[in-house]
Amino acid sequence: MDGVSLIKDLQQMRDDGHLSDALLRKAVRSISEEDRFDWVGVYLLRDDELWLHNYVGEPTEHAKIPVGTGVCGRAVAERTNLNIEDVSKEENYLACSPDVQSELVVLIRAGEDIFGQIDLDSETKAAFTEDDEIALIGVADKLAEQLAAERREAN
Ligand code: SME
(Lines give C-alpha, C1' and ligand atoms only; values in the text may rest on other atoms or scores of the structure.)
Protein backbone atom coordinates (compact mmCIF):
# COMPACT_ATOMS: atom_id res chain seq x y z
CA MET A 1 0.00 0.00 0.00
CA ASP A 2 1.10 3.57 -0.72
CA GLY A 3 0.88 5.16 2.71
CA VAL A 4 2.60 8.40 1.66
CA SER A 5 0.05 9.11 -1.05
CA LEU A 6 -2.85 8.27 1.26
CA ILE A 7 -1.50 10.57 3.98
CA LYS A 8 -1.29 13.40 1.40
CA ASP A 9 -4.89 12.74 0.33
CA LEU A 10 -6.05 12.78 3.95
CA GLN A 11 -4.25 16.07 4.61
CA GLN A 12 -5.83 17.54 1.46
CA MET A 13 -9.24 16.48 2.77
CA ARG A 14 -8.46 18.22 6.07
CA ASP A 15 -7.39 21.37 4.22
CA ASP A 16 -10.66 21.24 2.26
CA GLY A 17 -12.66 21.08 5.50
CA HIS A 18 -13.69 17.42 5.62
CA LEU A 19 -14.42 15.95 9.04
CA SER A 20 -13.01 12.77 10.59
CA ASP A 21 -15.98 10.71 9.40
CA ALA A 22 -14.99 11.25 5.77
CA LEU A 23 -11.28 10.73 6.49
CA LEU A 24 -11.92 7.43 8.30
CA ARG A 25 -13.97 6.13 5.36
CA LYS A 26 -11.40 7.25 2.80
CA ALA A 27 -8.58 5.59 4.78
CA VAL A 28 -10.39 2.24 5.04
CA ARG A 29 -11.35 2.28 1.36
CA SER A 30 -7.80 3.06 0.20
CA ILE A 31 -6.06 0.59 2.52
CA SER A 32 -8.45 -2.18 1.42
CA GLU A 33 -7.24 -1.85 -2.18
CA GLU A 34 -4.19 -3.92 -1.18
CA ASP A 35 -4.91 -7.54 -2.19
CA ARG A 36 -3.21 -9.04 0.89
CA PHE A 37 -5.69 -7.27 3.14
CA ASP A 38 -8.95 -9.24 3.18
CA TRP A 39 -10.79 -7.19 5.81
CA VAL A 40 -10.03 -3.59 6.80
CA GLY A 41 -11.92 -1.57 9.37
CA VAL A 42 -11.68 1.27 11.85
CA TYR A 43 -12.89 1.00 15.43
CA LEU A 44 -13.35 4.11 17.57
CA LEU A 45 -12.91 4.06 21.33
CA ARG A 46 -15.89 5.27 23.39
CA ASP A 47 -15.44 4.95 27.15
CA ASP A 48 -14.26 1.36 27.52
CA GLU A 49 -15.58 -0.08 24.27
CA LEU A 50 -14.44 -0.13 20.67
CA TRP A 51 -17.21 0.70 18.19
CA LEU A 52 -16.92 -0.31 14.56
CA HIS A 53 -16.99 2.89 12.48
CA ASN A 54 -16.65 1.49 8.94
CA TYR A 55 -15.10 -1.44 7.14
CA VAL A 56 -14.53 -3.18 3.80
CA GLY A 57 -14.89 -6.96 3.78
CA GLU A 58 -17.24 -9.59 5.10
CA PRO A 59 -19.78 -8.44 7.71
CA THR A 60 -18.65 -9.03 11.28
CA GLU A 61 -20.65 -9.66 14.43
CA HIS A 62 -18.03 -7.71 16.41
CA ALA A 63 -19.53 -4.26 16.08
CA LYS A 64 -18.61 -3.47 19.71
CA ILE A 65 -15.59 -4.88 21.52
CA PRO A 66 -14.82 -4.22 25.21
CA VAL A 67 -11.31 -2.98 26.00
CA GLY A 68 -9.22 -6.03 26.98
CA THR A 69 -11.28 -8.43 24.85
CA GLY A 70 -9.91 -9.97 21.65
CA VAL A 71 -6.85 -8.75 19.78
CA CYS A 72 -8.53 -5.39 19.21
CA GLY A 73 -9.39 -4.83 22.86
CA ARG A 74 -6.00 -6.04 24.03
CA ALA A 75 -4.19 -3.52 21.80
CA VAL A 76 -6.02 -0.71 23.61
CA ALA A 77 -5.57 -2.22 27.08
CA GLU A 78 -1.83 -2.63 26.46
CA ARG A 79 -1.61 0.67 24.52
CA THR A 80 0.30 -1.03 21.73
CA ASN A 81 0.00 -2.11 18.10
CA LEU A 82 -0.32 -5.87 17.62
CA ASN A 83 0.85 -7.94 14.65
CA ILE A 84 -0.56 -11.46 15.12
CA GLU A 85 1.07 -13.84 12.63
CA ASP A 86 -1.18 -16.81 13.44
CA VAL A 87 -4.54 -16.07 15.06
CA SER A 88 -5.12 -19.78 15.83
CA LYS A 89 -2.43 -19.48 18.52
CA GLU A 90 -4.19 -16.55 20.25
CA GLU A 91 -6.22 -17.36 23.34
CA ASN A 92 -7.78 -13.91 23.51
CA TYR A 93 -9.11 -13.75 19.95
CA LEU A 94 -12.53 -12.94 18.46
CA ALA A 95 -13.00 -14.68 15.10
CA CYS A 96 -14.43 -12.46 12.39
CA SER A 97 -14.39 -15.29 9.84
CA PRO A 98 -12.96 -18.83 10.02
CA ASP A 99 -10.76 -17.99 6.99
CA VAL A 100 -8.74 -15.33 8.81
CA GLN A 101 -5.18 -16.39 9.60
CA SER A 102 -3.38 -13.21 10.65
CA GLU A 103 -4.32 -9.79 12.02
CA LEU A 104 -2.71 -6.38 12.44
CA VAL A 105 -4.01 -3.69 14.78
CA VAL A 106 -2.55 -0.18 14.61
CA LEU A 107 -3.72 2.32 17.20
CA ILE A 108 -5.03 5.75 16.21
CA ARG A 109 -3.46 7.85 18.92
CA ALA A 110 -2.07 11.29 19.71
CA GLY A 111 0.33 11.09 22.63
CA GLU A 112 -1.53 9.52 25.53
CA ASP A 113 -4.93 9.84 23.85
CA ILE A 114 -6.14 6.71 22.06
CA PHE A 115 -8.98 7.46 19.62
CA GLY A 116 -9.34 3.96 18.15
CA GLN A 117 -7.57 1.67 15.76
CA ILE A 118 -7.15 0.43 12.22
CA ASP A 119 -7.81 -3.33 12.17
CA LEU A 120 -6.71 -5.58 9.29
CA ASP A 121 -7.30 -9.28 8.69
CA SER A 122 -5.67 -11.56 6.15
CA GLU A 123 -6.48 -15.07 5.01
CA THR A 124 -2.72 -15.72 4.78
CA LYS A 125 -0.53 -16.46 7.81
CA ALA A 126 1.98 -13.76 8.77
CA ALA A 127 0.65 -11.48 6.02
CA PHE A 128 1.63 -8.19 7.66
CA THR A 129 5.14 -6.76 7.39
CA GLU A 130 6.97 -4.17 9.42
CA ASP A 131 6.67 -1.84 6.41
CA ASP A 132 2.88 -2.29 6.48
CA GLU A 133 2.87 -1.33 10.15
CA ILE A 134 5.08 1.73 9.55
CA ALA A 135 2.87 2.91 6.65
CA LEU A 136 -0.29 2.38 8.71
CA ILE A 137 1.15 4.25 11.70
CA GLY A 138 1.60 7.26 9.39
CA VAL A 139 -2.02 6.99 8.25
CA ALA A 140 -3.26 6.50 11.83
CA ASP A 141 -1.30 9.57 12.99
CA LYS A 142 -2.97 11.70 10.31
CA LEU A 143 -6.41 10.43 11.36
CA ALA A 144 -5.53 11.15 14.99
CA GLU A 145 -4.63 14.77 14.10
CA GLN A 146 -8.16 15.32 12.81
CA LEU A 147 -9.84 13.46 15.67
CA ALA A 148 -7.78 15.44 18.21
CA ALA A 149 -8.69 18.74 16.51
CA GLU A 150 -12.40 17.85 16.65
CA ARG A 151 -12.14 16.83 20.30
CA ARG A 152 -10.48 20.15 21.15
CA GLU A 153 -13.24 22.06 19.35
CA ALA A 154 -15.95 20.11 21.20
CA ASN A 155 -14.48 21.00 24.61
N1 SME B 1 -10.34 -10.39 15.46
C2 SME B 1 -10.65 -9.23 16.26
C3 SME B 1 -12.13 -8.90 16.18
C4 SME B 1 -12.47 -7.98 15.07
S5 SME B 1 -12.89 -8.79 13.66
O6 SME B 1 -11.65 -9.46 13.19
C7 SME B 1 -13.36 -7.76 12.51
C8 SME B 1 -10.25 -9.47 17.70
O9 SME B 1 -9.81 -10.55 18.06
O10 SME B 1 -10.40 -8.53 18.48
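**Note on cysteines and a helix pair**

1. C72 counts as buried, since its relative accessibility comes to 5%, and this value, like the others in this note, is computed from a predicted model. The other cysteine discussed here, C96, counts as partly exposed, at 21% relative accessibility.

2. Which cysteine sulfur is closest to that of C72? It is the sulfur of C96, at 8.8 Å, which is too far for a bond, because a disulfide requires a pair of cysteine sulfur atoms within 2.5 Å. Taken from the side of C96, the closest cysteine sulfur is likewise that of C72, again at 8.8 Å and too far for a bond. A search of the whole structure accordingly returns zero disulfides.

3. Turning to the helices, α1, which covers residues 3-15, packs with α2, which covers residues 20-31, at an angle of about 160°, and the axes of these helices lie 10 Å apart. That angle makes α1 roughly antiparallel to α2, because angles over 145 degrees count as roughly antiparallel. The crossing in which α1 passes α2 is right-handed.

4. Which residues of α1 and α2 meet? On the α1 side they are L6, D9, L10, M13 and R14, and on the α2 side they are A22, L23, K26, A27, S30 and I31. By residue class, the contact of α1 with α2 is made up of seven nonpolar residues, three charged residues and one polar residue.

Note on methods. Residues are numbered from 1 along each chain as its sequence is written. This is a predicted model: local features need pLDDT of at least 70, side-chain atom pairs count only at pLDDT 80 or more; totals for chains, interfaces and linings use all residues. Side-chain values use heavy atoms; hydrogens and water are left out. Buried means under 20% relative accessible area, exposed over 50%, partly exposed in between (1.4 Å probe, protein chains only). Axes are lines fitted to C-alpha atoms, for helices over the stretch in contact, and angles run from 0 to 180 degrees between N-to-C directions. Helices (H or I, at least four residues) and strands (E, at least two) are DSSP runs, numbered from the N terminus. Angles under 35 degrees count as roughly parallel, over 145 as roughly antiparallel, 65 to 115 as roughly perpendicular and the rest as oblique. A crossing is left-handed if the near helix is turned anticlockwise from the far one by less than a right angle, and right-handed if clockwise. Contact means heavy atoms within 4.5 Å. Ala, Val, Leu, Ile, Met, Phe, Trp, Tyr, Cys and Pro count as nonpolar, Asp, Glu, Lys and Arg as charged, and the others, Gly among them, as polar.
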